[in-house]
Amino acid sequence: MRNAHAVADVRAAEQAVMARLPDGALMARAAAGLAAVCAQLLEQVYGARVVVLAGAGDNGGDALFAGARLAARGAAVTAIAAASRLHEAGAAALRSAGGTIRPATPANGTELAGDAAAALDRADLIIDGLLGIGGHGGLREPAATLAARTGQARLDGAIVVAVDLPSGVDADTGEVAGAAIRADVTVTFGTYKPGLLIDPGAGHAGAVELIDIGLSGLAAPAVSAWQADDVAAVLPQPSAESDKYRRGVLGLLAGSQRYTGAAVLATGSAIHGGAGMVRLMSAPHAVEVALQHWPEAVTAAADPDAPAKSVEAAGRVQAWAAGPGMGTDDGAAGLLAAVLAVDVPALVDADGITIVSRHRDLLRRSAPTLITPHAGELARLTGADRADIEARRLEHATAAAADLGVTVLLKGSTTVIADPGGTVLVNSTGSAWLATAGSGDVLSGLAGALLAQGLSPLEAAAAAAYLHGIAGRLASRDAPIGAQDLITALPAAIRTVTRPA
């Protein structure tokens with residue numbers, strides 16, 4: 001598991017370590033780790049052109065000390081000072097090792113100095129030490145101009161390495177409020193920061209390298225990202241005594257006369273997600289189509305005029321998943337209400353979320369509930385602005401979970417999962433190829449199957465998001481895919497965590 005800690009907790013842990021170490025020892029550890037990663041990224045350190053973007057704080061000091069280590073190995077290192085003062089010891093170390101320091105702007109000037117611009121244009125590697133983890137809001141000048149010029153240098157082939165966090169990214173939330181550095185690699189110290197795991201900040205971080213600098217006594221993580229071992233630990237495994245009922249029966253309210261595909265996709269993913277039985281309740285035509293693909297499903301026709309009887313006729317289940325393609329009219333709302341009246345865990349997605357946005361009382365239930373909105377659906381449910389949700393994913397997911405009393409899986413380039421108790425998990429296994437019609441229906445069926453097998457909403461959401469992303473990678477191999485390809489790839493995705501190579 002990758003645990004990420006809030007800035008305040010990191011600061012407290014750093015202070016505790018520094019109180020036990022000689023002056024400068026913690027920074028020396030960080031600089032050594034940073035320099036080692038930079039050296040590995042360069043084909044050859046000797047003769048490499050390295051630029052250090054140095055701010056006034058400790059991140060600037062880390063970058064300057066790392067630059068000094070690279071200069072001592074023969075790199076041509078130029079530091080560009082983005083502040084009127086720099087970390088004195090770091091600057092002295094760089095000069096002593098043969099590096100040079102140039103101002104970002106000429107005296108009384110506002111444009112980037114010519115020698116600073118030239119150094120960036122020629123750089124093989126750029127170290128971003130402009131701001132540390134305490135920075136908030138977009139970069140100000142001259143840092144904003146340096147970030148833009150660094151972005152161009154990156155497009156031209158320079159490697160950009162961020163110190164602890166890309167400058168301009170909020171460490172606690174991942175928010176990017178303006179200009180920010182986009183790194184190829186971020187070297188972070190002691191622990192991950194939430195902004196490295198949550199978009200849009202995660203998209204600026206590139207690959208993240210964690211350097212152990214001896215922090216201890218950290219508080220509980222603010223955010224955690226499950227890895228393969230974490231998913232494997234919660235996935236149910238059948239035993240000799242297992243039967244289809246013990247393996248979990250999922251009730252599925254999905255599809256309609258118009259949207260038959262949703263029933264097909266959600267049913268297939270639930271079957272491949274390990275449910276011992278899937279009881280599909282849908283419109284008659286959707287049932288017929290689903291049975292052509294999945295004859296093992298047990299089906300019942302949904303009668304909007306008798307929703308309670310329809311749910312009773314579907315049979316006993318361990319969990320319900322409802323919403324994909326079911327429609328949003330009064331009949332669909334009645335069926336959803338009947339499903340949510342059953343005292344078993346439930347997942348609500350897609351059209352179901354649109355319905356509960358008009359009838360939020362449906363979410364007031366004693367059994368555990370998981371909702372799986374994208375930003376637009378969460379906007380309808382909470383009244384927040386969609387763009388603001390996308391910019392501040394952590395804040396909106398946690399607020400919705402607390403307000404609604406449900407676990408929220410907020411879909412997106414990085415998935416944010418929050419439960420009412422304040423636990424937050426994130427998933428980053430997804431890829432852009434998952435942005436295809438029906439992908440969400442597959443996720444619903446998979447997460448519903450895991451709920452039926454006894455996982456909590458938080459566990460089901462985290463495991464499903466992880467496996468859904470892995471299935472997308474296995475299916476696509478960097479080529480276009482459809483939602484049915486995800487279903488086909490699910491068993492292989494599960495094997496990557498249960499039987500790792």
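This is a predicted model: local features need pLDDT of at least 70, side-chain atom pairs count only at pLDDT 80 or more; totals for chains, interfaces and linings use all residues.
For the largest cavity, select Leu131, Gly132, Gly135, His136, Gly137, Leu165, Pro166, Ser167, Gly168, Val169 and Asp170, which line a space of about 50 Å³. By class, this lining of the largest cavity divides into 4 nonpolar, 6 polar and 1 charged residues.

Next, select Ser224, Ala225, Trp226, Ile417, Leu425, Val426, Asn427 and Ala462, which form the lining of the second largest cavity, with a volume of about 30 Å³. Two elements, strand 9 (223-225) and strand 18 (424-427), each give two or more residues to this lining, and strand 18 provides the largest share, 3 residues. In the lining of the second largest cavity, 6 residues are nonpolar, 2 are polar and none is charged.

Move on to the largest pocket, whose volume is about 610 Å³. To centre the view, select Lys411, Gly412, Leu434, Ser439 and Gly440, which among the 29 lining residues lie nearest the centre of the pocket. Helix 15 (375-382), helix 16 (386-391), helix 18 (439-452) and helix 19 (457-476) are the elements that give two or more residues to the lining, and the largest share, 4 residues, comes from helix 18. The lining of the largest pocket comprises 8 nonpolar, 14 polar and 7 charged residues.

Now turn to the nonpolar cores. The largest has 97 residues, and those with the most contacts inside it are Leu34, Leu70, Ile127, Met281 and Trp320. Select Met281 and display its surroundings: leaving aside neighbours within four places in sequence, its contacts include Leu252, Leu253, Ala300, Val311, Trp320, Leu335 and Val339. A second, separate core of 56 residues includes Leu280, Leu370, Leu434 and Ile470.

Helix 3 (residues 58-72) is the next selection; its 15 residues should span 21 Å at 1.5 Å a residue, and its end C-alpha atoms are 21 Å apart, so the two values agree. Helix 3 is mostly covered, with 11 of its 15 residues buried, among them Asn59, Asp62, Leu64 and Leu70.

Finish at glutamate 14, which is placed in helix 1 (residues 7-18). Is this residue, glutamate 14, buried or exposed? Glutamate 14 counts as buried because its relative accessibility is 14%, which falls under the 20% cut-off. Not counting residues up to four places away in sequence, glutamate 14 touches Leu26 and Leu215.

Notes
Residues are numbered from 1 along each chain as its sequence is written. Side-chain values use heavy atoms; hydrogens and water are left out. Buried means under 20% relative accessible area, exposed over 50%, partly exposed in between (1.4 Å probe, protein chains only). Contact means heavy atoms within 4.5 Å. On a 1 Å grid over the protein atoms alone, a cavity is a set of points where a 1.4 Å probe fits but cannot get out, and a pocket is an open set with protein on both sides within 12 Å along at least five of seven lines; lining residues have an atom within 4 Å of a point. Grid points are joined across faces, edges and corners, and a volume is the space filled by probe spheres set on the points. Ala, Val, Leu, Ile, Met, Phe, Trp, Tyr, Cys and Pro count as nonpolar, Asp, Glu, Lys and Arg as charged, and the others, Gly among them, as polar. A nonpolar core is a set of buried Ala, Val, Leu, Ile, Met, Phe, Trp, Tyr and Cys residues joined through side-chain atoms within 4.5 Å. The expected span of a helix is 1.5 Å times one less than its number of residues.
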